[in-house]
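Work through the exercises below with the model open. Each task is followed by a stepwise solution.

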Amino acid sequence: MQLLPEPVRRLAAWCAVLLLVAGVVWVVVRLCVQFRTALVPVLLALLGSALLGPLYRRLVRMGVQRSLAAAVTCVAVVVVVGGAVYIVVTAIVDSGDQIIGSLRDAVKSVARYFGSPGTGLDDLAANARKLLSRFGGSAVSNVVSGVSVVGESLAMAVLALLLVFFFLRDSPRVLDTLRGLAPGGSAGTLETMARRAFEAVEGFMRGTTLIALIDALCITVGLLILRVPGAVGLGALVFVGAYIPYLGAFISGAVAVLVALADRGFVIALWALGVVVAVQVLEGHVLQPVIQSRTVQMHPAVVLLAITAGASLAGIVGMLFAVPLTAAASGVAQEMRTRYEPPDRPGPSGPSGPPAPSDS
């Protein structure tokens, strides 16, 4: 005789399945954290391959040998990324002091009106020597660790570039390897899933890059018209922040408005806020539907939850990879739903029978 009723036994079975899945996911996440030095270049290479794939395929169609086409593509990305980094760094360095000074003035203004006596920036400046003497050792260790982080980042960037070359050149071999690893007769299904996930990431990267460029240009032009200091540097910040949806646009827009408030006054800050809001409305209602209409569409709540989960797991790197990985998972889910959903699924009014015979 069964001691538990059927609903309770079903609930227990589902709980066991959820606990097993959660345990597997936890182990995978811990392994990814432990091997992040090798995993991050692979993910960067996948994103770079998704972004550069159209250029590589065009070169191959033009008759360029595959290795040479992959090498030319990598050289092109080095030139473009290097030039972009040079422009961004130059703009930030040239206008960095002006932006920081404007932000400092804005913080002082806020502290003057809303802060309590004895807690302003002047008190912090007066106690700076005491703070330095107390935390000087940790500051030196932080500098040393910062140098090691920079070296590790450069090594990962070089490794990611090499992986981009191999991923572009040997993409047919990757598919053959996946087909060989697939158990039973699931080779075609696994290849289709992999293609669908990569197409989702490819569309996301192309669309996000184009949208980021348009947003940065529009906001930079608006800030230049308003004569806000450091407009080019702020536009570069908008471009970089656009790769983290919603949160990056909010932070970069808030910095632009604060700079305008500190240097140009309340009225110009309102105009800068209007420019930022107008660009965000343009992105949400025009650019996103038009540019990414043929790629994976994700609800904003899903994007925000993915960014939050990525930040909690891996910080800024997790925020950067969260949305592309979610796009890949969404693409696979859509492909599975299309493949395995019953074709004769009944509608809301019940199963449809054969058409009634006509009286004529």
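**Exercise 1.** Find what share of the protein's residues is buried.

Solution. Buried means under 20% relative accessible area, exposed over 50%, partly exposed in between (1.4 Å probe, protein chains only). Of the 360 residues, 29% are buried. This is a predicted model: local features need pLDDT of at least 70, side-chain atom pairs count only at pLDDT 80 or more, and totals for chains, interfaces and linings use all residues. Residues are numbered from 1 along each chain as its sequence is written, and side-chain values use heavy atoms, without hydrogens and water.

**Exercise 2.** Determine which helix gives the largest share of the lining of the second largest pocket.

Solution. First, list the helices that each supply at least two lining residues: α2 (36-61), α5 (128-169), α6 (171-181), α7 (187-225) and α11 (300-340). Next, pick the top contributor: α2, with nine residues. Then sort the lining by type: 20 nonpolar, three polar and five charged. Here Ala, Val, Leu, Ile, Met, Phe, Trp, Tyr, Cys and Pro count as nonpolar, Asp, Glu, Lys and Arg as charged, and the others, Gly among them, as polar.

Terms used: Helix = DSSP H or I, 4+ residues; strand = E, 2+ residues; numbered from the N terminus.
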